[in-house]
Amino acid sequence: MAYARHQSFYLRDRWISKGLKAVTGSPRFFYVDESPEEIGLGKNMVQSLRFWMLATEIIYEDKSNKQTEHYLTDLGKLIYHKDRLLQINDTVSILHYHLVRNKDDLATVFNWYFNNFKETITQRDSLLKSFTTWVNNNDKSVSPKSLKRDIDCLVQLYTKKSEENDPEDFIFSPFTKLNLVKEESSQDGYGNVRKVTPEIIDIGLVSLFYVLLKYGEENEVDLVSIDEILNEDFLWGKVFNLSRNKIIEVLNKLTNHSQFPLQYVRTNNLDNVRLPNISPFEYLSYEYGFSLGRVTV
């Protein structure tokens, strides 16, 4: 498990674009003294950017040449060529999914909040207490300051919106467009942190289908039940706060996909969907009009 690797900086707008371009130009970018000046960020912000790119699985580390280098993953290449400014909600949803999936154990707090923490509404101090209790029960002793930084960063990542009257405001988080979390004032003066059920358009059908295909691939199944989609880690109910009704609405839309339709199947009195025979990345490439064979980075 890992804590506060983000250096207390939530992901800012344009950071992903800067990072993808920098890593494409130099695999040793994160270890070059001139990197902060080159990218227009502070030294700690550059290290934070490295964390966000690794945690969302758009770059990977290679230590085969006796030094650490970074390269774009296939997903990173797709985003670099098709949506590096994160203008498409599906792209941000996919980054969010990979963050909370926490495959390389870099983003513990994000995994915990979406997959383990069951409260819909809480306050930031109560959220910190719950996270601290969970960490103490599941890991070694961790600095309280690190855990607080994690909770603060979690809330900011999903709630830090741009200033409406400032077109040059680039310190907002692109994750706010997903509308998954809101922080709002309460009557007793404390801020409530609330998980929100978003509109389907905020998340995007492409990203939802991709996440479903990833679940099928990693669990080696082609039948997935609606109960699984609602309740299992790394699926729609937990990752995107979707209700059963929203899930059924999405599934109905995906059964009408022009190339790769889902199919409803009823087995053992359970409603299931059968996944099409296509890999998650192949599906994503189809939707984005992307071909790995046509790019050199």
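T73 counts as buried, since its relative accessibility is 17% (buried means under 20% relative accessible area, with a 1.4 Å probe and protein chains only). The model is predicted, so local features need pLDDT of at least 70 and side-chain atom pairs count only at pLDDT 80 or more, while totals for chains, interfaces and linings use all residues. Residues are numbered from 1 along each chain as its sequence is written, and side-chain values use heavy atoms, without hydrogens and water.

**Surroundings of T73**
- T73 lies in the loop between β2 (69-72) and α4 (74-82); helices (H or I, at least four residues) and strands (E, at least two) are DSSP runs, numbered from the N terminus.
- Apart from neighbours within four places in sequence, T73 is in contact with E57, I58, I59 and Y60 (heavy atoms within 4.5 Å).

**The open sheet**
- Three strands form an open sheet in the order β6-β8-β7, with antiparallel pairing (two strands pair if DSSP finds at least two bridges between them).
- The edges are β6 (223-225) and β7 (263-267); each has a single partner strand, so one side of each lacks a neighbour in the sheet.
- β7 pairs with β8 (residues 270-274) in the antiparallel sense over five bridges.
- The bridge partner of Y264 is V273 in β8.

Note on methods
Buried < 20%, exposed > 50% of the residue type's maximum accessible area, 1.4 Å probe, protein only.
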